[in-house]
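Work through the exercises below with the sequence and the coordinates open. Each task is followed by a solution in steps.

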Amino acid sequence: HVPVANAQSGEFRRIEDKLLLSNDEVELLAGEVEGRMKPSYLGPDTKFTLIASYYFDGPELDFFQHHFQKAPIRYKLRIRRYAPDGVWSDAAPLIELKSKEDGISKKKRFNLTKDAYEGLMKGRTIAITGALRAINPRIAEEKLAKRVKKINGLITRFGLRPVLKVTYKRYAY
């Protein structure tokens, strides 16, 4: 299986494994990676990226429960911002819907307007506006509408609201 990533259209499909490592193991791995791979960032001089994510779930924590029950189809909804070298920009935040089915993760994302972001943080659905379309010029209108409809359906069905904020430093190779 070949992973698919098309950052321009905001679509990703991949099979991934995550590991829990001790600090010593991280240092050892980082040393091996740095000696064999080049950093991979949008800016050529970037050393790391800070990432802040707001994860959404409902009052019964359905998405959290589905994850630990290994439900055959499950979702994650988050709003994410990036800060190359720890500097936050005024760039529009991204909303990302991740689904997992049969061990394959798919991620679809798009930029949010300030109004859409503020509404989501209060548990409201997303309106498709000219401003939303304008900040997502690389996504066809039908695809954007389909993504908004899917996210709005999950917000309504599960009563989604932001429940957790995670911030971390990422090194990419």
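## Exercise 1. A buried charge and its partners

Arginine 78 is buried, with a relative accessible area of 5%. The model is a predicted one.

**Task.** Locate arginine 78 and find which side chains make polar contacts with arginine 78.

**Solution.** 

Step 1. Check the burial class. The cut-off for buried is under 20% relative accessible area, and arginine 78, at 5%, counts as buried.

Step 2. List the surroundings. With neighbours within four places in sequence set aside, the contacts of arginine 78 include Ser53, Tyr54, Tyr55, Phe56, Leu94 and Glu96. Lys98 and Lys107 are also among them.

Step 3. Pick out the polar contacts. The side chain of tyrosine 55 takes part in one, at 3.1 Å. Glutamate 96 takes part in another, side chain to side chain, at 2.6 Å.

Step 4. Classify the pair with glutamate 96. Side chains of opposite charge can pair when their charged atoms come close. Glutamate 96 and arginine 78 form a salt bridge, with 2.6 Å from N to O. Glutamate 96 is in strand E5 and arginine 78 in strand E4, so this pair ties together parts 18 residues apart in sequence.

## Exercise 2. The salt-bridge network

**Task.** Starting from glutamate 96, determine which residues are linked in a network of salt bridges.

**Solution.** 

Step 1. Lysine 107 lies in strand E6 (residues 104–111) and glutamate 96 in strand E5, so the two tie together parts 11 residues apart in sequence. Lysine 107 counts as buried, at 7% relative accessibility.

Step 2. The closest N and O atoms of its salt bridge with glutamate 96 are 3.1 Å apart. Arginine 109 is also placed in strand E6, so its pairing with glutamate 96 in strand E5 ties together parts 13 residues apart in sequence. Both residues of this pair are buried.

Step 3. The network of salt bridges links Arg78, Glu96, Lys107 and Arg109. The structure as a whole holds five salt bridges.

## Exercise 3. Two further arginines of the strand

**Task.** Decide for each whether the residue is buried or partly exposed, and describe the polar partners.

**Solution.** 

Step 1. Take arginine 80. The residue is buried yet has no salt bridge. Glutamate 96 is the nearest side chain of opposite charge, 4.1 Å away, while the salt-bridge cut-off is within 4 Å.

Step 2. Find a polar partner. The side chains of arginine 80 and serine 53 make a polar contact of 2.8 Å. Beyond four places in sequence, arginine 80 also touches Tyr55, Pro93, Tyr168 and Arg170, among others.

Step 3. Take arginine 81. Its relative accessible area is 31%, so arginine 81 is partly exposed. Its side chain reaches the backbone oxygen of serine 89 at 3.3 Å.

Step 4. Look across to proline 93. The C-alpha atoms of arginine 81 and proline 93 are 5.2 Å apart, although 12 residues separate the two along the chain. Proline 93 is one of the contacts of arginine 81, as are Leu50 and Trp88.

Notes
Residues numbered from 1 in each chain as written. Predicted model: local features only at pLDDT ≥ 70, side-chain atom pairs only at ≥ 80, totals over all residues. Heavy atoms only, no water. Buried < 20%, exposed > 50% of the residue type's maximum accessible area, 1.4 Å probe, protein only. Lys, Arg positive; Asp, Glu negative; His and termini not counted. Polar contact = N/O pair within 3.5 Å; in protein donor to acceptor, adjacent residues only side chain to side chain. Contact = heavy atoms within 4.5 Å. Helix = DSSP H or I, 4+ residues; strand = E, 2+ residues; numbered from the N terminus.
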